[in-house]
Amino acid sequence: MTIPTTLSILGSTGSIGTQTLEIAQIRGYSVVALAAGNNLDLLEAQIKAFKPAVVSVSSEKYLEAKARFAVSFPNTKVSDDPCEVAQFGEVVVGAIPGLAGLPSTKAALERGAAV
């Protein structure tokens, strides 16, 4: 049995998401995608640390995030859809609370990711 090593985290700036990132760093997992809400300062630190291929933010913060991260992180795509983040990683950690997390968790399950 091989141990999955690539992760996507839906809700990376919350308590479960940040704890998952701590464990990922200790275990040496590759974090390939992050979905955050509105906390762009914390997301920026996470991008710097993990260099994910794609991040998503709330629709309200999308334009600000896109402009803010374009120069510093040109290899990281910015989206406003957490379902896009759910398309990456062998394992997807669902840490978006309540009904808001259902569409992206469903997208991860539909593609066969371990959730």
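Biologist: In this predicted model, which helix holds F69?
Modeller: The model is a prediction. F69 is found in the helix that spans residues 62–72. That helix is α3.

Biologist: Is F69 buried or exposed?
Modeller: Buried means under 20% relative accessible area. The relative accessible area of F69 is 1%, so F69 counts as buried.

Biologist: Which residues does F69 touch, not counting residues up to four places away in sequence?
Modeller: Residues up to four places away in sequence are left out here. What remains is L40, L43, E44, I47, P74 and V78.

Biologist: Which residue in β4 stands opposite V54?
Modeller: Strand β3 covers residues 54–56 and pairs with β4 in the parallel sense over three bridges. The residue in β4 opposite V54 is K77.

Biologist: Within what arc do the buried residues of α5 fall, seen down its axis?
Modeller: The buried residues of α5 (residues 102–110) are S104, A107 and A108. They line one face of the helix, because their arc, seen down the axis, is within 100 degrees.

Biologist: Which exposed residues does α5 carry on the face turned away from its buried side?
Modeller: The buried residues have cover that includes β1 (6–10), α4 (82–85) and β5 (91–94). The face turned away from that buried side carries L102, K106, L109 and E110.

Conventions. Residues numbered from 1 in each chain as written. Predicted model: local features only at pLDDT ≥ 70, side-chain atom pairs only at ≥ 80, totals over all residues. Heavy atoms only, no water. Helix = DSSP H or I, 4+ residues; strand = E, 2+ residues; numbered from the N terminus. Buried < 20%, exposed > 50% of the residue type's maximum accessible area, 1.4 Å probe, protein only. Contact = heavy atoms within 4.5 Å. Arc of directions from axis to C-beta. Pairing = 2+ DSSP bridges.
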